[in-house]
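Hi,

Here is the structure I promised to pass along.

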Amino acid sequence: MSNTIRLELSTDEPSCLNNALQREMEAAERQRGKPAWIGVDEYIRRLDACIQKVTKAFEKATGA
């Protein structure tokens, strides 16, 4: 079980965070199959989960 961390973001910060997570996920996907990135699939799954949570929280906060 993981601990919950709450962040307070302005309305433009979730999109910046989402973009940064997306770029990190794309960089990790390029590393698939390389020996130094043995856990890359799990890392990508976690990044994707973070992106989904940021998107969902932003939509809930803005009513989008």
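Lys53 sits in helix H2, residues 40–62 (helices are DSSP runs of H or I, at least four residues, numbered from the N terminus). Lys53 is exposed, at 63% relative accessible area (exposed is over 50%, buried under 20%, partly exposed in between, with a 1.4 Å probe and protein chains only). With Arg6, Lys56 and Lys60, Lys53 makes up a patch of positive charge on the surface (patch residues have over 30% relative accessible area and no salt bridge, with like charges joined within 9 Å).

A caution: this is a predicted model, where local features need pLDDT of at least 70, side-chain atom pairs count only at pLDDT 80 or more, and totals for chains, interfaces and linings use all residues. Residues are numbered from 1 along each chain as its sequence is written, and side-chain values use heavy atoms, leaving out hydrogens and water.

There are three salt bridges (a side-chain nitrogen of Lys or Arg within 4 Å of a carboxyl oxygen of Asp or Glu). Asp41 pairs with Arg32 at 2.7 Å between the closest N and O atoms. Glu42 bridges to Arg45 at 3.0 Å and to Arg46 at 2.9 Å. These shared partners join Glu42, Arg45 and Arg46 into one network.

The largest nonpolar core has eight residues, including Leu21, Ile44 and Val54 (buried Ala, Val, Leu, Ile, Met, Phe, Trp, Tyr and Cys joined through side-chain atoms within 4.5 Å). Helices H1 (13–30) and H2 each give two or more residues to this core, and H2 provides the largest share, five.

Best wishes

Notes
Patches are made of residues with over 30% relative accessible area and no salt bridge: like charges are joined within 9 Å, nonpolar side chains (Val, Leu, Ile, Met, Phe, Trp, Tyr) within 5 Å. Accessible areas come from the Shrake-Rupley method with a 1.4 Å probe; for residues, only the protein chains shown count as cover. Lys and Arg count as positive and Asp and Glu as negative; His and the chain ends are not counted. The place of a charge is taken as NZ of Lys, CZ of Arg, CG of Asp or CD of Glu.
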